[in-house]
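This briefing goes with the structure shown below. Please look through the sequence and the fold before reading the points that follow.

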Amino acid sequence: MDFVFIAFIAFSIAATAAAVAVISVRNPVHSALSLVLTFFSVACVWIVGGAEFLGVALVVIYVGAVMVLFLFVVMMLDIDIVGMREGYVRYLPVGLVVAVVMLIEMLMLIGARAKMAQPFPVDAAEAAGIGNTQWVATELFTRFLLPFETAAVILTVAVIAAVTLTLRPIREGGKKQNPSEQVKVRVADRLRMVKMDSSTPANLRDAVAPDVNPEEGA
């Protein structure tokens with residue numbers, strides 16, 4: 001059993017455990033951190049398998065962008081979790097655990113890549129003179145064009161569904177914007193001039209001149 005196989009098993013176990021944590025923990029922030037670890041572990045599995053481009057794309061796109069979108073959607077759906085507003089200190093232990101595991105995986109990945117002989121497990125005729133990125137692009141837009149377009153349609157529908165959820169009727173006490181009403185607003189709808197006669201309140205008048213009889217004048 002070589003080190004590459006041990007690293008592959010370790011990355012797989014870490015990805016599985018983190019994936020279970022994503023659906024088992026109740027706090028959405030902890031779930032998001034677990035999902036980050038899941039993506040990173042799967043990326044390590046892909047890199048060990050030779051798909052360097054896919055591994056790097058998973059880290060850059062999903063860990064760097066999609067996770068931020070997930071957290072934004074969690075806040076946008078107005079989930080009432082008081083504990084999420086108590087500060088980031090309570091999330092520090094989970095964040096440190098995720099960071100330490102990712103650091104260990106990075107060190108194991110460096111050692112595994114140093115011992116790997118095959119850069120990419122594909123047919124030699126297809127890979128002759130073609131880099132990793134070029135091979136993925138060629139296969140994606142030729143043999144796998146239909147699955148790629150299907151995935152794009154599914155993601156588009158998911159984005160539209162997420163936006164639709166934000167436009168649903170909200171519960172009592174919530175706030176919602178209406179862009180069409182905001183565009184049609186006029187100055188007269190927001191500002192009203194009121195003319196009032198000047199007068200002195202009775203308590204203030206007595207405090208200023210308590211000895212003066214109002215009937216006699218000042």
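Helix H6 spans residues 132-140, and its buried residues are Asn 132, Trp 135, Val 136 and Glu 139. Seen down the axis of H6, these buried residues fall within an arc of 95°, so they line one face of the helix. An α-helix has 3.6 residues a turn, so residues three or four places apart point the same way. The model is predicted.

**Confidence**
- The average pLDDT of the protein is 75, and 70% of the residues score at least 70.
- Among the elements, helix H7 (residues 145-166) has the highest mean pLDDT, 89.
- Helix H5 (residues 124-127) has the lowest mean pLDDT, 46.
- Where pLDDT is low, the predicted coordinates should not be read in detail.

**Helices H1 and H2**
- The axes of helix H1 (residues 3-24) and H2 come within 8 Å and cross at roughly 155°.
- Angles over 145 degrees count as roughly antiparallel, and therefore H1 is roughly antiparallel to H2.
- The crossing of H1 and H2 is left-handed.
- On the H1 side, the residues that meet H2 include Val 4, Phe 8, Phe 11 and Ala 18.
- On the H2 side, the residues that meet H1 include Ser 34, Leu 35, Val 45 and Val 48.

**Ser 34**
- Ser 34 lies in helix H2, which covers residues 28-48.
- Is Ser 34 buried or exposed? Ser 34 has a relative accessible area of 11%, and under 20% counts as buried, so Ser 34 is buried.
- Leaving aside its neighbours within four places in sequence, Ser 34 is in contact with Ala 18, Ala 21 and Val 22.
- Ala 18, Ala 21 and Val 22 are among the H1 residues that meet H2.

How values were computed:
Residues are numbered from 1 along each chain as its sequence is written. This is a predicted model: local features need pLDDT of at least 70, side-chain atom pairs count only at pLDDT 80 or more; totals for chains, interfaces and linings use all residues. Side-chain values use heavy atoms; hydrogens and water are left out. Buried means under 20% relative accessible area, exposed over 50%, partly exposed in between (1.4 Å probe, protein chains only). Helices (H or I, at least four residues) and strands (E, at least two) are DSSP runs, numbered from the N terminus. The arc is that of the directions from the helix axis to the C-beta atoms. Contact means heavy atoms within 4.5 Å. pLDDT is the predictor's confidence in each residue, from 0 to 100. Axes are lines fitted to C-alpha atoms, for helices over the stretch in contact, and angles run from 0 to 180 degrees between N-to-C directions. Angles under 35 degrees count as roughly parallel, over 145 as roughly antiparallel, 65 to 115 as roughly perpendicular and the rest as oblique. A crossing is left-handed if the near helix is turned anticlockwise from the far one by less than a right angle, and right-handed if clockwise.
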